[in-house]
Amino acid sequence: MQTTLVIVKPDGVQRRLAGRILVRFEEKGLQIAGAKMMTIPLATAQKHYKPHEAKPFYPGLVKYMTSSPVLVVALRGKNAIAVVRKMMGATFGSKAEPGTIRGDFAISDGYNLIHGSDSEEAAAFELGLFFQPGEVQTYDMADTPWVYDTSSDLR
Ligand code: CDP
Ligand code: MG
């Protein structure tokens, strides 16, 4: 099981797509382990996107991410990091495949609706950045035997 950080970015909230984005992950079988609305503080956005600090798009990216509220979500499930990245689609909305979130809802390359952690290290760092201890829940889902086939060792 992995837990990953998803952010419905300001454009996703403003365009009223937060629910439609989140429901895709629920339908897939991922569990909502934590969720909160927030306006990202400047220092948090800068830490979150530190790997991009030297890139030309960094100032605009930080401005975008702090411009309006976001929905921050911790999602848990088998291979959750890669599953979420695949469901998000390619970075640029104009290039993302149909069937992905960005491919279906975004045409902009910068305003691309969603963030998802890209590695185990990034997920651990980002979850710690956006959630306080105890804000990410651990709990059983009633449908786990049906979602994960707990009847065999194949799960
Ligand atoms: O979000 P993702 O991991 O797919 O892409 P990234 O390469 O980590 O870039 C982070 C974010 O910066 C993207 O999601 C875009 O919002 C933005 N970006 C941009 O505005 N212009 C670029 N050339 C690349 C990224
Ligand atoms: Mg990234």
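1. A word on what you're looking at. This is a predicted model, where local features need pLDDT of at least 70 and side-chain atom pairs count only at pLDDT 80 or more, while totals for chains, interfaces and linings use all residues. Residues are numbered from 1 along each chain as its sequence is written, chains are lettered from A and ligands numbered from 1 in the order in which they are written, and side-chain values use heavy atoms, with hydrogens and water left out.

2. Now the overall layout. The chain has eight helices and four strands (DSSP runs numbered from the N terminus: H or I of at least four residues for helices, E of at least two for strands). Walk along the sequence and you get β-α-α-β-α-α-β-α-α-β-α-α. The radius of gyration is 16 Å, close to the 15 Å that the globule rule gives for 155 residues, so the chain is as compact as a globular protein of that length. (That radius is taken over C-alpha atoms, and the rule is 2.2 Å times the number of residues to the power 0.38.) Along the principal axes, the C-alpha atoms fill a box of roughly 50 × 35 × 25 Å.

3. Of the 155 residues, 44% are buried; buried means under 20% relative accessible area, exposed over 50%, and partly exposed in between (1.4 Å probe, protein chains only). Taking contacts (heavy atoms within 4.5 Å) between residues at least 6 apart in sequence, 77% join residues at least 24 apart.

4. Thr4 is worth a click. This residue lies in strand 1 (residues 2–8) and counts as buried, at 0% relative accessibility. Setting aside neighbours within four places in sequence, Thr4 touches a list of residues including Val73, Leu75, Ile81, Val84, Ser117 and Leu127.

5. Back to the ion pairs: how many salt bridges does the structure hold? There are three. Lys36 is partly exposed at 22% relative accessibility, and Glu135 is partly exposed at 32%.

6. Lys50 and Glu53 form a salt bridge too, with their closest N and O atoms 3.0 Å apart. Lys50 is partly exposed at 48%, as is Glu53 at 42%.

7. Finally, Gln137, which is also found in the loop between helix 7 and helix 8. Is Gln137 buried or partly exposed? At 41% relative accessibility, Gln137 counts as partly exposed. Beyond its neighbours within four places in sequence, Gln137 is in contact with Ala33 and Arg76. The C-alpha atoms of Gln137 and Ala35 are separated by 9.6 Å, although the two residues are 102 apart along the chain.

Conventions: Salt bridge = Lys/Arg side-chain N within 4 Å of Asp/Glu carboxyl O.
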